[in-house]
Amino acid sequence: MKQILEVLGFVALVQGVLGLVQEITGRLHGWGLVQRLGLLDGHEIYASAVLLVLAFALFAAAESQKPG
């Protein structure tokens, strides 16, 4: 379970960073999941920030898991 949380946290972290980089710089078009979802049009920065917060929450949850 710990490894699953770490992988999901890593994916959320990468997607959040890619989304913020794309919105701030205008580069990396089509790399992030946030930009591909039409549902989030106009709210990409907020969605990317939420993904970053989610990533750190998943890392914290993974760290609190017992080994084994």
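**View 1. Helices H1 and H3 are roughly antiparallel to each other**. The term is applied because angles over 145 degrees count as roughly antiparallel, under 35 as roughly parallel, 65 to 115 as roughly perpendicular, and the rest as oblique. The model is a predicted one, in which local features need pLDDT of at least 70 and side-chain atom pairs count only at pLDDT 80 or more, while totals for chains, interfaces and linings use all residues. Residues are numbered from 1 along each chain as its sequence is written, and side-chain values use heavy atoms, with hydrogens and water left out. Helix H1 covers residues 2-25 and helix H3 covers residues 44-64; their axes cross at roughly 155° and come within 7 Å. Axes here are lines fitted to C-alpha atoms, for helices over the stretch in contact, and angles run from 0 to 180 degrees between N-to-C directions. The crossing of H1 past H3 is left-handed, that is, the near helix is turned anticlockwise from the far one by less than a right angle. In the contact of H1 with H3 there are 17 nonpolar, five polar and four charged residues. Nonpolar means Ala, Val, Leu, Ile, Met, Phe, Trp, Tyr, Cys and Pro; charged means Asp, Glu, Lys and Arg; the others, Gly among them, are polar.

View 2. Helices (H or I, at least four residues) and strands (E, at least two) are DSSP runs, numbered from the N terminus. Along the sequence the pattern reads α-α-α. The C-alpha trace spans about 45 × 20 × 15 Å along its principal axes. The accessible surface is about 4900 Å², and 69% of it belongs to carbon and sulfur atoms; the area comes from the Shrake-Rupley method with a 1.4 Å probe. Of the 68 residues, 26% are buried, where buried means under 20% relative accessible area, exposed over 50%, and partly exposed in between (1.4 Å probe, protein chains only). Among contacts (heavy atoms within 4.5 Å) between residues at least 6 apart in sequence, 58% join residues at least 24 apart.

**View 3. Gln15 is a buried residue** **of helix H1**. Its relative accessibility is 17%, so Gln15 counts as buried. Leaving out residues up to four places away in sequence, Gln15 touches Trp31, Gly32, Leu33, Val34 and Leu51.

**View 4. Leu33 is found in helix H2**. Leu33 has a relative accessible area of 48% and is therefore partly exposed. Leu33 is also one of the residues that Gln15 touches. From Leu33 to Glu63, 30 residues apart along the chain, the C-alpha atoms are separated by 26 Å.

**View 5. Gly26 sits in the loop between H1 and helix H2 (33-36)**. With 34% relative accessibility, Gly26 counts as partly exposed. Gly26 and Gly16 are 10 residues apart in sequence, and their C-alpha atoms are 15 Å apart in space.

**View 6. Gln22 lies in helix H1** **and Ala61 in helix H3**. Gln22 is buried, at 8% relative accessibility, whereas Ala61 is partly exposed, with a relative accessible area of 28%. The two residues are 39 apart in sequence and 28 Å apart in space, C-alpha to C-alpha. Within the chain, Gln22 and Val11 are 11 residues apart, with 16 Å between their C-alpha atoms.
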